[in-house]
Amino acid sequence: MTLTYTFGLDTFGDRESRADGTPLSHAQTIRNVVEEGVFAEQAGVDFFGIGEHHTDYFPMPAGDVALAAIAARTEKIRLGSAVTVLSSDDPVRVFQRYSTLNAVSGGRAEVILGRGSSIESFPLFGYDLADYEELFDEKATLFAELLKGSPVTWEGKTRAALLSQDVVPHLESGPFPAWIGVGGNPQSVIRAARLGFSLALAIIGGPPARFAAYSELFGRALEKFGQPSRPVLVHSPGHVAATDEQAKAEFWPAWRGVIALVAEERGFAIPTEASFDRETGPDGALYVGSPETVASKIAANVRALGATRFDLKYGLPGLTHDQLMTTIELYGQQVVPRVRELLG
Amino acid sequence: MQNEGRLAVLGAGHVGPVIARLAIRAGYPVAIATSGDPDDIALITELVIPGAEPRWASDAVADADIVVLAIPLHRLTDVDPALLADKVVVDAVAELTDRIGYDPVRLGGLPAGRVLQPGGPVFGQVLTVPEFERAVHQDARSLR
């Protein structure tokens, strides 16, 4: 069977810097992300995703607005969230926004739903972390119902009940693709399969091949729940430049900086040069290097993980717009064609 | 290596399966449980923790010598401390608020065969490292 592979780029609205290292404003970063999305289509990329974040260094809580701006200037590239923090949002509102994006873009919208590995949105919107699991479970269940089309009937503890509710705008040609983002909890894989979502594996550290069991678990769970076959996507950070040395030299200080920033709340260890070398090597999770290096690693891991889509999380706080545009160009023009070649 | 005891791992999320896999590799018999039906974790067990036995939590704990708690902090109230009374309890629930990452805390000399008691000053708490060190030594003293 011939598999169809697709390749995307994801951003968190990472706050960009000028060449001298001074940060750009939130607004300029957002405008740059729109330019990057438009450019991604020109570079031949299949998907552009924006992940909801609420911080000074990821000032992008309303990515769907930026996606609409990109939709207006593009024709083919698919556009979606990576991720929507569903737990602290209203599933009806999320559906309405992305059904509207789907209309504006002529059927190119997608969502990747997440529980929130960053938790700023919980206190911001008045949610209790103790409800972390229940919020996502209920809201993902409701979102699955919304995708089936109106009228919708649902009740639960986390928002008002719906009784034969007509939710607009109606989908023009059936549900848009919807994925659940999983970081390593096998129960989340089971939930994605049970509700009929596709699976997005967020792999940001350690040997990617260890997630192969999760892909297999997903496939077996889909069968067990009587769900149709659904694709697996891999999302991992990376950076592409002319040479491995240049890519690593650009990426490393920014990577160390951002992990040190998030370490306090998430318990990550501060990276060292040795750990960075491991992660950018063949058994690590960072796709940093020349087009050939990055392409070989993507092909190997897509195959090992039974995935048919790969999204490169490009950019980091502190990188420049020019560096990001170079990554996008090299990814679309050289990496993706080479991966397709390697995958046959 | 001589292995002592049967393990019951409570929690099949991020942490439980990893500890269970390592314990199996080290030769321990391992039962894995959540708050629900073991049938619900049969597939996870088969593919992610091969060799572990999915069981009801109360059965797993009853037959175990060592119980690993790998559940969210706010679910600790679901666990009946009386069931853990004569077990070695490995608490993966407690949070150290001033420690980054998973580096071990060196506690110095402790009496052999000690147990951190459910309901004690360390069990399932949110502590700084100095508070944790004091609490462990306080726990140890209370057993003599």
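Select A:D64 and display its neighbours: leaving aside residues up to four places away in sequence, A:D64 touches A:R97 and A:Y98. The model on screen is a predicted one. Show side chains for A:D64 and A:R97 next. The two side chains make a polar contact of 2.9 Å. Is A:D64 buried or exposed? Its relative accessible area is 13%, and A:D64 is classed as buried because that value falls under the 20% cut-off. The buried residue A:D64 therefore has the side chain of A:R97 as a polar partner.

Stay in chain A and move to the second largest pocket. Select A:F176, A:P177, A:A178, A:G196 and A:R230, which lie nearest the centre of this pocket among its 24 lining residues. Two elements of chain A each give two or more residues to the lining: α5 (132–147) and β10 (178–182). The space in the pocket amounts to about 470 Å³. Now colour the lining by residue class. What is the division into nonpolar, polar and charged residues? Eleven of the lining residues are nonpolar, six are polar and seven are charged.

Chain B has four helices and seven strands. Tracing the chain along its sequence gives the order β-α-β-α-β-α-β-β-β-β-α. Chain B holds 144 residues, and 40% of them count as buried. For contacts in chain B between residues at least 6 apart in sequence, 55% join residues at least 24 apart. Switch to a surface view: the accessible surface of chain B is about 7,800 Å², with 52% of that area belonging to carbon and sulfur atoms.

Finish at B:R106. Where does B:R106 sit in chain B? B:R106 is found in the loop between β6 (95–96) and β7 (126–127). With a relative accessibility of 71%, B:R106 is classed as exposed, because the value is over the 50% cut-off. B:L69 and B:R106 are separated by 37 residues in sequence and by 21 Å in space, C-alpha to C-alpha.

Conventions:
Residues are numbered from 1 along each chain as its sequence is written. Chains are lettered from A and ligands numbered from 1 in the order in which they are written. This is a predicted model: local features need pLDDT of at least 70, side-chain atom pairs count only at pLDDT 80 or more; totals for chains, interfaces and linings use all residues. Side-chain values use heavy atoms; hydrogens and water are left out. On a 1 Å grid over the protein atoms alone, a cavity is a set of points where a 1.4 Å probe fits but cannot get out, and a pocket is an open set with protein on both sides within 12 Å along at least five of seven lines; lining residues have an atom within 4 Å of a point. Grid points are joined across faces, edges and corners, and a volume is the space filled by probe spheres set on the points. Ala, Val, Leu, Ile, Met, Phe, Trp, Tyr, Cys and Pro count as nonpolar, Asp, Glu, Lys and Arg as charged, and the others, Gly among them, as polar. Buried means under 20% relative accessible area, exposed over 50%, partly exposed in between (1.4 Å probe, protein chains only). A polar contact is a pair of N or O atoms within 3.5 Å; within protein, one must be able to donate a hydrogen and the other to accept it, and residues adjacent in sequence count only if both atoms are side-chain atoms. Contact means heavy atoms within 4.5 Å. Accessible areas come from the Shrake-Rupley method with a 1.4 Å probe; for residues, only the protein chains shown count as cover.
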